Amino acid sequence: TEFQAIILKVLNTIIIPFLPVYIAGTFANIAYATKIIGHSYTVPIKFAGITFVIFLFFLLRRVALYFLAWLNRDSLFKLINKISLTYACIWYIAILCCFFVIKSIPSAPMGAMRYCFIYSILGVLLIYFLQLYYIFIQKGFSHFFYFLYLCTLEILPIVVLLHLNFS
């Protein structure tokens, strides 16, 4: 219907592109208010650096996926791009739920939020990687190509981000 097309166009052009910016602002406020990331004078600088790395990761990944889609003439990489945005939204929702649960427990330690980040992303990434594996094999790509894709576009940027966060 026409109403459904309007709603989908608004979602795709306005809400979804600005959702990471809104969520980054929410996490910046949380980090600054509760000093999750570090000492109070380094919070804005460190958070800005991590936010920039996350933005750069998604931008470079999107460019790489569009290049692979153009190179292979297959819709697999466009599908991967859409699936990854879906799983990113699921992870954002899981993190917000964890935050509200941890903040509702007065005796929760401050390090609990970091463990919540790690365990929630591990759970979402495990399901995401299994679904990607199924899609790659179903489309006829080799196991080596799937392994190469995971190492270059998925795992390496996460390791770099974790290194920046914990160093």
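Buried means under 20% relative accessible area, exposed over 50%, and partly exposed in between, with a 1.4 Å probe and protein chains only as cover.

Residues are numbered from 1 along each chain as its sequence is written, and side-chain values use heavy atoms, with hydrogens and water left out.

**View 1. The chain is built from five helices and zero strands.** Helices here are DSSP runs (H or I, at least four residues), as strands are runs of E with at least two, and both are numbered from the N terminus. Read from that end, the elements go α-α-α-α-α. Of the 167 residues, 29% count as buried. Contact means heavy atoms within 4.5 Å; among contacts between residues at least 6 apart in sequence, 63% join residues at least 24 apart. The predictor's confidence in each residue is given as pLDDT, from 0 to 100. Its mean over the chain is 75, and 73% of the residues reach 70 or more. Among the elements, helix 1 (residues 2-34) has the lowest mean, 70, and helix 4 (residues 112-138) the highest, 82. Where pLDDT is low, the predicted coordinates should not be read in detail.

**View 2. Arg61 of helix 2 and Glu154 meet in a salt bridge.** A salt bridge is a side-chain nitrogen of Lys or Arg within 4 Å of a carboxyl oxygen of Asp or Glu. By this rule the model has one salt bridge, and the N to O distance between Arg61 and Glu154 is 2.9 Å. Since Arg61 belongs to helix 2 and Glu154 to helix 5, the pair ties together parts 93 residues apart in sequence. Is Arg61 buried or exposed? Arg61 has a relative accessible area of 5%, so Arg61 counts as buried. Leaving out residues up to four places away in sequence, Arg61 also touches Ser84, Tyr128, Tyr149 and Leu153.

**View 3. The largest nonpolar core has 24 residues.** Such a core is a set of buried Ala, Val, Leu, Ile, Met, Phe, Trp, Tyr and Cys residues joined through side-chain atoms within 4.5 Å. Phe77, Ile80, Tyr128, Leu132, Phe136 and Tyr149 touch the most other members. Helix 2, helix 3 (76-104), helix 4 and helix 5 each give two or more residues to this core, and the largest share, nine residues, comes from helix 3. Look at Ile80: beyond four places in sequence, Ile80 touches Leu65, Tyr128, Leu132, Phe136 and Tyr149.

**View 4. Leu150 sits in helix 5 (residues 143-166).** With 9% relative accessibility, Leu150 counts as buried. Neighbours within four places aside, Leu150 is in contact with Phe129, Ile155 and Leu156.

**View 5. A nonpolar patch on the surface includes Leu56.** Patches are made of residues with over 30% relative accessible area and no salt bridge, where like charges are joined within 9 Å and nonpolar side chains (Val, Leu, Ile, Met, Phe, Trp, Tyr) within 5 Å. The members here are Phe52, Phe55, Leu56, Leu59, Leu60 and Val63, with about 600 Å² of accessible area together. Accessible areas come from the Shrake-Rupley method with a 1.4 Å probe, and for residues only the protein chains shown count as cover. Leu56 lies in helix 2 (residues 43-72) and, at 34% relative accessibility, counts as partly exposed.

Methods:
This is a predicted model: local features need pLDDT of at least 70, side-chain atom pairs count only at pLDDT 80 or more; totals for chains, interfaces and linings use all residues.
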